[in-house]
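Colleague: Would you please take me through this model, step by step?

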Amino acid sequence: MAKKRKTAASESDTGMSSVRAVDRAIAILQCFSADQPAMSVIEIQKRVGLSRPTLYRLLHTLSTCGLIHAEGDPQRFKLAHGVMKLSHVWLKGLDVVNVARPILEELRDVTGETAALFRLEEDRSICILECESRHVLTISRGIGSSMKIPQGATGKAMLAFMPAERQAEFLSEMPRDAQRSNLEEALRAAAHNGYTISRGEIFVGAIAVAAPYFDHRGSVVGSVGLYGPAARVSEEKISEFARLIREAGHKISTLLGFQQPASSAIAQDSKSADLAPMKRPRKAAKV
């Protein structure tokens, strides 16, 4: 008996054992989705493959814990307030800087250029994290640097994915001239391609590529950018940076709880990033 207890303890210490009932309960919780938030017992059973008596016992336990509730006749089950409590605790523990830091450090190391994270604050984009290039000649905005949203690639990456009415507010502050027309064209291209490019808008001789990131509600809350001197950033590198920056934006969004609707993804060629966080895909001219 002592030997058995030691074996069980060693399995627990190494994380090799699991509790089948817990695995099954988690499978039940995970079978609900935004597309199907309410399900009958039969529908749940088809997804988790449990016997009816076992499923009912687990549903009762989850209901007692406030994680699932039943309503209607015939009875349909939904996730309950207990799930929201857990979600709230998780969200409170999120720190976008800590979440994004390893992603930006990898971007900097892979490309050799400065990678930065920006957050949307009212009508401005603020740099909250910057991993500076190790080259002697570098482009750096600096943590705390802020610009109005329509300026630069990082601001436009946010503006392109804002709700139409919020986007219209920014545009209404600009005169109807060539500059506004160019901005509108750039925003349409960004919404289609998933990234923005700026050349010399903030620093003369600098090129920047940026993509948005989203929170758990699907709202754009910031952008991630790469920038470097034009002397070092060729057109070929810009294409590669665009792929990498979209992947980074998607990774950060996912870590913040964003789930991209399957219907919103845009098909990309073999050199483009998969699963980029597109919200309103539409056809537009490239800039």
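**Overall organisation**

Modeller: Of the contacts in the protein chain with a separation of 6 or more, 59% are between residues 24 or more positions apart; contact means heavy atoms within 4.5 Å. This is a predicted model, in which local features need pLDDT of at least 70 and side-chain atom pairs count only at pLDDT 80 or more, while totals for chains, interfaces and linings use all residues. Residues are numbered from 1 along each chain as its sequence is written, and side-chain values use heavy atoms, with hydrogens and water left out.

Colleague: How many helices and strands does the secondary structure of the protein chain come to?

Modeller: Helices (H or I, at least four residues) and strands (E, at least two) are DSSP runs, numbered from the N terminus. The protein chain comes to ten helices and nine strands.

Colleague: How do α3 and α4 lie relative to each other, roughly parallel or roughly perpendicular?

Modeller: Axes are lines fitted to C-alpha atoms, for helices over the stretch in contact, and angles run from 0 to 180 degrees between N-to-C directions. The axes of α3 (residues 41-48) and α4 (residues 52-64) come within 11 Å and cross at roughly 105°. Angles under 35 degrees count as roughly parallel, over 145 as roughly antiparallel, 65 to 115 as roughly perpendicular and the rest as oblique. Helices α3 and α4 are therefore roughly perpendicular.

Colleague: How many residues of the contact of α3 with α4 are nonpolar?

Modeller: Val41, Ile42, Ile44, Gln45 and Val48 in α3 meet Arg52, Leu55, Tyr56 and Leu59 in α4. Ala, Val, Leu, Ile, Met, Phe, Trp, Tyr, Cys and Pro count as nonpolar, Asp, Glu, Lys and Arg as charged, and the others, Gly among them, as polar. In this contact one residue is polar, one is charged, and the nonpolar residues number seven.

Colleague: Which residues of α4 make the contact with α2?

Modeller: The axes of α2 (residues 20-30) and α4 come within 10 Å and cross at roughly 75°. That makes α2 roughly perpendicular to α4. From α2 come Ala21, Arg24, Ala25, Ile28 and Leu29, and from α4 come Thr54, Leu55, Leu58, Leu59 and Leu62.

Colleague: Is Cys127 buried or exposed?

Modeller: Buried means under 20% relative accessible area, exposed over 50%, and partly exposed in between (1.4 Å probe, protein chains only). Cys127 has 1% relative accessibility, and therefore counts as buried.

Colleague: How many disulfides are there?

Modeller: A disulfide is a pair of cysteine sulfur atoms within 2.5 Å. The sulfur of Cys131 is 9.4 Å from the closest cysteine sulfur, in Cys127, which is too far for a bond. By this rule, the number of disulfides is zero.
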